[in-house]
Amino acid sequence: MKGMVIKMKDTILKDFLKYVSLNVLGMIGLSCYILADTFFVSKALGATGIAALNLSISIFSIINGVGLMLGIGGATRYSILQSQQEFKRANDVFTTSIKMGLILGLVFLIIGLFASDGLAILLGANYNTFPLTKTYLMTILCFAPIFILNNIIIAFVRNNHKPKLAMIAMLSGSITNIFLDYIFMFPLDMGMFGAAFATSLAPIIGIAVSSIHFIKGKNSLSFTRCKITLSRMVDIVVLGLSAFINEISSAITLITFNLIILTLEGNLGVASYGIIANLALIGIAIFNGVAQGIQPLISKGYGQRNRDLLRKVLKMALITSLAIATIIYILTFVYSDEIIGIFNSEGSIEIARMAKVGMKIYFIGFFFAGINIILATYLSATESAKDAFLISITRGCVLIVPMVLLLSKVLEMTGIWLAFVATEGIVAIFSIYRKKGITY
């Protein structure tokens, strides 16, 4: 009996390390879409380019959030149904997720074609940044269906016992993006359009790699003839809503911070925040990687009512998130000057000063953000969608917006950096409280 318990623990740890490590690597690769843009834009277009890119990233986060919502929501239900031997219903969920992704992607495409001007102005673009912001927005929005489908397919491939292939798909897209960023922006001199176009082509590579899973035929994923029912759509959205809110929280934070920073420090302030925000995307992507890595394990354990597995996986995930936050903070604290210098191509003293102070304060919030993201995903994967939504919406907009408005009035730029820390800290207390109240 003792040997069986030890073997089960080893199996849980092995599965945890496998899924989490592969997903963290994949999410880091995915976050490099924007980080590569930031680096090459800073070299080619300077502070104005970074400011314009930072104004546009929020829309990319929303598109990415829709894809994650449909992918993770659908894949969560798929895993639960698979563990309960409901194979036909599981594939109906897969088919519905793909159809919903195409429909919503077309909506974004129409917005890109006909409303990019107004959207750029709404996001805070001024005389200097408007042309670059509009170009980036229009290009990204026109490729929205591809971004969304890529996220959906990767989520289902991962949950269909192929986390390694899902990771390769994400990394392949990112490597393609970095390579094309350089080609389009320097030898071909395509400017901001080149950066956006390179990013937009990357998910096509991701889909091509993921399609190997279907071509080989050794999988249980397949399209079915099924109607798009309201109940199934709502179920997918509800289960994936926390993932969507987690992603658009970055967009809401970006938009709010950009508009306030513009009034305090102008375009240089937005450029300094752009450096921090893009680095923060990597940190958040790592935590999302941990959360998405445990999601198939949690959904499986929940479907089988295996409480021991649920408890052990959650404990390992939380310890991992705190370790990651510690490593990130030490690295950014010690090497802040070198990191900022990579993106501060014009050597602006003001940008360097604001970014250095902001980084050392802002990144304290990672210690709490990891806990919030993991607990929201855990609750969503165990059908506690209401609690997952409360956690995500509170950190995404309910608290962060009034917090930044209040603290910026009192402490100006220091208050802006502290707003993220205070929000994540308060929500972490709330998240732990809500988790303790859940019983299965």
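## Terms and basis of the model

Helices are DSSP runs of H or I with at least four residues, numbered from the N terminus, and their axes are lines fitted to C-alpha atoms over the stretch in contact, with angles that run from 0 to 180 degrees between N-to-C directions.

The structure is a predicted model, in which local features need pLDDT of at least 70 and side-chain atom pairs count only at pLDDT 80 or more, while totals for chains, interfaces and linings use all residues. Residues are numbered from 1 along each chain as its sequence is written, and side-chain values use heavy atoms, with hydrogens and water left out.

## Helix 5 and its two partners

Two packed helices are described by the angle between their axes and the distance between the axes. For helix 5 (residues 144–159) and helix 7 (residues 191–210), the axes come within 9 Å and cross at roughly 30°, and the two helices are therefore roughly parallel to each other. Helix 5 passes helix 7 in a left-handed crossing, a term used when the near helix is turned anticlockwise from the far one by less than a right angle, with right-handed used if it is turned clockwise. The contact (heavy atoms within 4.5 Å) includes Ile-146, Phe-147 and Asn-150 on the side of helix 5, and Thr-199, Pro-203 and Ile-207 on the side of helix 7. By class, this contact of helix 5 with helix 7 has 9 nonpolar, 5 polar and no charged residues, where Ala, Val, Leu, Ile, Met, Phe, Trp, Tyr, Cys and Pro count as nonpolar, Asp, Glu, Lys and Arg as charged, and the others, Gly among them, as polar.

The axes of helix 5 and helix 6 come within 7 Å and cross at roughly 155°, and these helices are therefore roughly antiparallel to each other. Their crossing is left-handed, and the contact is made by Ile-154, Val-157 and Arg-158 of helix 5 together with Pro-163, Leu-165, Ala-166, Ala-169 and Met-170 of helix 6. By class, the contact of helix 5 with helix 6 has 7 nonpolar, no polar and 1 charged residues.

Leaving aside its neighbours within four places in sequence, Phe-366 is in contact with Ala-280, Gly-283, Ile-284, Phe-287, Ala-325, Ile-328 and Phe-420.

Helix 9 and helix 13 (residues 366–381) pack with their axes 7 Å apart and at an angle of about 40°, and they are therefore oblique to each other. Helix 9 passes helix 13 in a right-handed crossing, and by class their contact has 16 nonpolar, 10 polar and no charged residues.

Thr-256 lies in helix 9 (residues 230–303) and, at 13% relative accessibility, counts as buried; buried means under 20% relative accessible area, exposed over 50% and partly exposed in between, with a 1.4 Å probe and protein chains only. Apart from its neighbours within four places in sequence, Thr-256 is in contact with Val-401 and Val-404. Tyr-302, too, lies in helix 9 and is buried, with a relative accessible area of 10%. Tyr-302 and Ala-381 are 79 residues apart in sequence, and 7.8 Å apart in space from C-alpha to C-alpha.

## Residues in the loops

Ala-125 is found in the loop between helix 3 (116–122) and helix 4 (130–142), and at 12% relative accessibility this residue counts as buried. Leaving aside neighbours within four places in sequence, Ala-125 is in contact with Leu-55, Ala-120, Phe-130 and Thr-133. Ala-125 and Asn-258 are 133 residues apart in sequence, yet 9.9 Å apart in space, C-alpha to C-alpha.

Asp-189, in the loop between helix 6 (163–185) and helix 7, is exposed, with a relative accessible area of 62%. Phi of Asp-189 is near 50°, a positive value in a residue other than glycine. Glu-412 lies in the loop between helix 15 (400–411) and helix 16 (413–436), and Glu-412 has a positive phi of about 55° although it is not a glycine.

Definitions and conventions: Angles under 35 degrees count as roughly parallel, over 145 as roughly antiparallel, 65 to 115 as roughly perpendicular and the rest as oblique.
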